[in-house]
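Have the model open as you read.

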Amino acid sequence: MAGVTWWKFYFRLFPGAIRSPQVIEFLTHLLRHLPGRLLIVWDGLHSHRSRLVWEFVRQQRGRLWLEFLPAYAPELNPVEYLWAHWKQHELPNFCPDNYRELSQHARRALRRMRRRPTLVCAFWEQAELFPL
């Protein structure tokens, strides 16, 4: 799971499918690291619309503002470009023996990417090629 600001991105890797508890954990991570109100732009993941997540958002008393992308519009989501770059440029030909090895390698690659603000800006530029 990842969130992209203009110059940086935040991520968490989870084994298996992303469910409501993982969404809440990630939102808590963002709230801890980013001051002020946060605009969260989400795709159609079922967990994003769960009762548990909405209750968590309400408990933040306006600190989180949610907007949803149109259905079937991954090209509008800068996070999709982040994951595409990660898979195509950081993980090709890597064959881990287990989840732990994959996780370690993936985290190192994501941290390297995060130190490149021009790369992060490019994710936004790609998404802007397809305005709403």
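Which residues do ring pairs link into a cluster? They are Trp42, Trp54 and Phe68. Keep in mind that this is a predicted model. Overall, the structure has five aromatic pairs, and a couple of them are picked out below.

**Aromatic pairs**
- Phe9 and Phe11 make a tilted pair, with 6.2 Å from centre to centre and 45 degrees between the planes.
- Both partners of that pair, Phe9 and Phe11, are buried.
- Trp54 and Phe68 are stacked, at 6.2 Å centre to centre with 25 degrees between the planes.

**Around Trp54 and Phe68**
- Trp54 counts as partly exposed because its relative accessibility is 31%, a value between the 20% and 50% cut-offs.
- Phe68 has a relative accessible area of 25%, so this residue is partly exposed too.

- Ser20 sits in helix H1 (residues 20-33).
- With 12% relative accessibility, Ser20 counts as buried, since the cut-off for that is under 20%.
- Side chain to side chain, Ser20 makes a polar contact with Ser50 at 2.7 Å.
- Setting aside neighbours within four places in sequence, Ser20 is in contact with Ser47, Ser50, Leu52 and Val53.

Note on methods
Residues numbered from 1 in each chain as written. Predicted model: local features only at pLDDT ≥ 70, side-chain atom pairs only at ≥ 80, totals over all residues. Heavy atoms only, no water. Phe/Tyr/Trp six-rings, centres within 6.5 Å; stacked < 30°, edge-to-face > 60°. Buried < 20%, exposed > 50% of the residue type's maximum accessible area, 1.4 Å probe, protein only. Helix = DSSP H or I, 4+ residues; strand = E, 2+ residues; numbered from the N terminus. Polar contact = N/O pair within 3.5 Å; in protein donor to acceptor, adjacent residues only side chain to side chain. Contact = heavy atoms within 4.5 Å.
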